[in-house]
Amino acid sequence: MPTETTERGIILKHPSGSIAEVLFYGSTVISWKVPNASGELEERLFVSSKASLDGSKPVRGGIPIVFPCFGQPTHPDHLKLAQHGFARNQMWTFDGAVMDNQAGVCVKFVLDPRGNEALSAIYTTPFKLEYVVTLAAHQLSTDLHIKNPSASHTLEFQALLHSYIRAPADEVTVTPLKGLQYYDKTETTEEARTTPKVESRAEVDVKKYTDAVYENAPMKYTVSWPSGGVDIKAQNFKDVVIWNPQEEGRKIGDMESDGWKNYICVEPGYVRGFERLAPQKTWIYCQRSISHTRDLLASAERQLRYLHDQADRVRDLQDCLATLSRRIDNLAFTTSLSPAILSGLHARLDDILSSPLFSRSSTPDSLPDLEPSD
Ligand SMILES: O=P(O)(O)OC[C@H]1O[C@@H](O)[C@H](O)[C@@H](O)[C@@H]1O
């Protein structure tokens with residue numbers, strides 16, 4: 001079965017072997033496993049071993065959804081909300097499988113505040129959220145649909161996908177952020193935190209405490225470390241937050257003491273200023289996480305190797321046929337085979353040898369060099 005329903009959520013399974021798990025709580029993706037070069041499954045997301053997965057608090061890891069405010073609330077509509085809003089700590093409704101084929105396994109979750117008294121007590125602005133998660137061979141798509149059902153009120157919000165990517169924090173880098181303006185939340189004064197800096201590094205690392213909000217970012221990022229990587233493509237999420245608390249992480253109650261060493265948060269979002277969604281409109285914010293081309297290259301290389309083996313077999317067969325042709329000639333010489341039978345046999349062999357299967361040009365002589373493509 002491409003999807004499996006458990007007590008806590010939905011498990012997606014793609015024919016390639018990749019697997020993802022999404023909790024009903026917060027619609028939080030807590031696992032995304034992809035086959036690596038040798039075909040074994042590798043986890044691409046980090047979840048703290050101390051994270052609560054029982055719905056008692058937002059998950060420390062995976063991809064929590066931040067809505068309608070990022071950080072502490074500042075907008076008048078959000079003042080009763082906790083840090084990062086409420087989407088990550090509500091139970092969402094599973095709305096079924098949207099697609100299930102070779103291209104992807106896709107499921108939808110909905111958060112509708114109607115009838116949710118606890119939520120209505122802290123947030124009265126009409127909204128509806130849909131979250132569409134699609135798993136393909138090497139790709140996980142997480143698309144947030146934000147709807148404004150009001151006939152008159154403009155919905156003002158921030159939104160972000162707080163992706164914890166499993167990676168060695170002392171080796172991982174993110175590109176291309178050079179030249180972007182960013183706000184450094186690790187600064188100790190409000191003035192310094194609100195004064196923009198310009199990123200000078202070609203490759204941004206998190207070797208020191210990092211909490212940076214890049215605005216008007218390229219919406220296309222490469223996260224690399226020596227043994228792997230993830231490419232992230234975003235749509236409509238114009239900003240990106242890079243976060244790793246380093247030793248500060250020890251103060252986080254649901255993080256194991258060295259947990260910060262095993263991830264980088266790369267969080268596409270709309271967090272500088274507020275998005276304004278007109279009545280009756282819907283905006284869709286997308287994130288595509290693509291397990292690094294290295295994995296794709298490994299799988300392409302496996303397929304090429306297979307084709308190459310097949311080509312070798314075709315050549316062996318071709319040599320056998322040539323030997324057969326010579327034997328027919330010898331046979332004709334040593335026996336009195338009639339010229340008609342002989343030419344019939346040769347014609348048959350020529351037909352086989354001239355078929356596209358045996359055309360030399362159709363079989364590669366060597367493996368082509370594979371370069372990562374865009
Ligand atoms: O502890 P929380 O609420 O999950 O937030 C974790 C971090 O989330 C990041 O997005 C913020 O930039 C950080 O400032 C924050 O510390």
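Predicted model: local features only at pLDDT ≥ 70, side-chain atom pairs only at ≥ 80, totals over all residues.
Visitor: Which order do the strands of the 5-stranded open sheet follow?

Guide: Strands of a sheet pair through backbone hydrogen bonds, either parallel or antiparallel. Strands here are DSSP runs (E, at least two residues) numbered from the N terminus, and two of them pair if DSSP finds at least two bridges between them. In this structure, 5 strands form an open sheet in the order β1-β2-β3-β4-β5, with antiparallel pairing. Because β1 (3–5) and β5 (41–43) stand at the edges with a single partner strand each, one side of each has no neighbour in the sheet. Neighbouring strands of this sheet are turned against each other by 20° on average, direction ignored; the axes behind that angle are lines fitted to C-alpha atoms, and angles run from 0 to 180 degrees between N-to-C directions.

Visitor: How many bridges join β4 to β5?

Guide: Strand β4 (residues 29–35) is joined to β5 by 3 bridges, and the two run antiparallel. Within β5, the residue opposite Lys33 is Glu43.

Visitor: Which strands stand at the edges of the 9-stranded sheet?

Guide: That open sheet has the order β7-β8-β9-β10-β22-β19-β18-β13-β16, again with antiparallel pairing. The edges are β7 (93–101) and β16 (204–205), each with a single partner strand, so one side of each is left without a neighbour in the sheet. At the β7 end, β7 and β8 form a hairpin with 2 residues between them, and 6 bridges join these antiparallel strands.

Visitor: Is β8 mostly covered or exposed?

Guide: A residue is buried if 20 or more other C-beta atoms lie within 10 Å of its own, exposed if 12 or fewer, and partly exposed in between, with C-beta atoms placed from the backbone. By that rule β8 is mostly covered, since 7 of its 8 residues are buried. Elsewhere in the sheet, Val230 lies in strand β19 (residues 228–235) and counts as buried because it has 28 C-beta neighbours inside 10 Å. Leaving aside neighbours within four places in sequence, Val230 is in contact (C-beta atoms, placed from the backbone, within 7 Å) with residues including Arg44, Ile165, Val223 and Ile290.

Visitor: Which residues lie on the two faces of β20?

Guide: In a regular strand the side chains alternate between the two faces of the sheet. In strand β20 (residues 239–244), Asp239, Val241 and Trp243 on one side and Val240, Ile242 and Asn244 on the other are all buried. Strand β17 (residues 210–214) runs antiparallel to β20 and is joined to it by 5 bridges, with Tyr214 opposite Val240. Strand β21 (residues 263–277) also pairs with β20 in the antiparallel sense over 5 bridges, and there Ile242 has Val266 as its bridge partner.

Visitor: Which residues of the largest nonpolar core touch the most other members?

Guide: A nonpolar core is a set of buried Ala, Val, Leu, Ile, Met, Phe, Trp, Tyr and Cys residues joined through C-beta atoms within 7 Å. The largest such core has 76 residues, and Leu45, Val133, Ala159, Ile165, Val223, Ile264 and Val266 touch the most other members.

Visitor: Which residues are around the ligand?

Guide: A residue is near a molecule if its C-beta atom, placed from the backbone, lies within 6 Å of it. Around the ligand are Gln83, His84, His162, Lys185, Asp211, Val241, Trp243 and Glu267.

Key
Residues numbered from 1 in each chain as written. Helix = DSSP H or I, 4+ residues; strand = E, 2+ residues; numbered from the N terminus. Contact = placed C-beta atoms within 7 Å.
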